[in-house]
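Me: Please take the terms used for this structure one at a time. I want each label set against its definition.

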Amino acid sequence: SVTYIYDVAYIKHPETVQAKNHKYLSRSMPSWSRRTDRIITISKQVKYEIEKHLSINENHIDIVPCGVDRTVFYKRTLKEIKQAKKRYGITFDKYFL
């Protein structure tokens, strides 16, 4: 089996998690992590935190960064930017994301 762990915020920042969720994750995550065949996470930093806080061997964890659909998110041409600004009534020129 594979377990995907996005972060361990419930350990590092428990104030950001509802009490019932914190209790559930604190009770369940260690056994899930030890029981699974592989763990997937998003970055080297989170991998390190999983190793540290859940006592999981680094060889048991793979990193798969979050993906971006380049057919949707790409650098727009000046023409496309002008069209979008006109469509949405944007008149300023400093930033446009």
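Me: Where is T36 found, and what makes the label buried apply to T36?

Reply: T36 is found in the loop between α2 (19–35) and β2. Buried means under 20% relative accessible area, with exposed over 50% and partly exposed in between (1.4 Å probe, protein chains only). T36 has a relative accessible area of 4%, so T36 is buried. This is a predicted model, in which local features need pLDDT of at least 70 and side-chain atom pairs count only at pLDDT 80 or more, while totals for chains, interfaces and linings use all residues. Residues are numbered from 1 along each chain as its sequence is written, and side-chain values use heavy atoms, with hydrogens and water left out.

Me: What makes the pairing of the T36 and T3 side chains a polar contact?

Reply: A polar contact is a pair of N or O atoms within 3.5 Å; within protein, one must be able to donate a hydrogen and the other to accept it, and residues adjacent in sequence count only if both atoms are side-chain atoms. The side chains of T36 and T3 meet this at 3.0 Å. The T36 side chain also reaches the backbone oxygen of S1, at 3.0 Å.

Me: Which residues does T36 contact, leaving aside its neighbours within four places in sequence?

Reply: Contact means heavy atoms within 4.5 Å. By that rule T36 is in contact with S1, V2, T3 and H60.

Me: Why are β2 and β3 called paired?

Reply: Strands are DSSP runs of E, at least two residues, and helices are runs of H or I, at least four, both numbered from the N terminus. Two strands pair if DSSP finds at least two bridges between them. β2 (residues 38–41) and β3 are joined by 3 bridges and run parallel, so they pair. T41 has I63 in β3 as its bridge partner.

Me: What is the strand order of the open sheet, and what makes a strand an edge strand?

Reply: The order of its 3 strands is β1-β2-β3, with parallel pairing. The edge strands, β1 (2–4) and β3 (61–63), each pair on one side only.

Me: What makes the 11 residues of the largest set a nonpolar core?

Reply: A nonpolar core is a set of buried Ala, Val, Leu, Ile, Met, Phe, Trp, Tyr and Cys residues joined through side-chain atoms within 4.5 Å. The largest has 11 residues, including I5, V8, M29, I39 and I50. Its largest share, 3 residues, comes from α3.

Me: Why is helix α4 called hardly covered?

Reply: Among the 11 residues of α4 (residues 78–88), the count of buried residues is 1.
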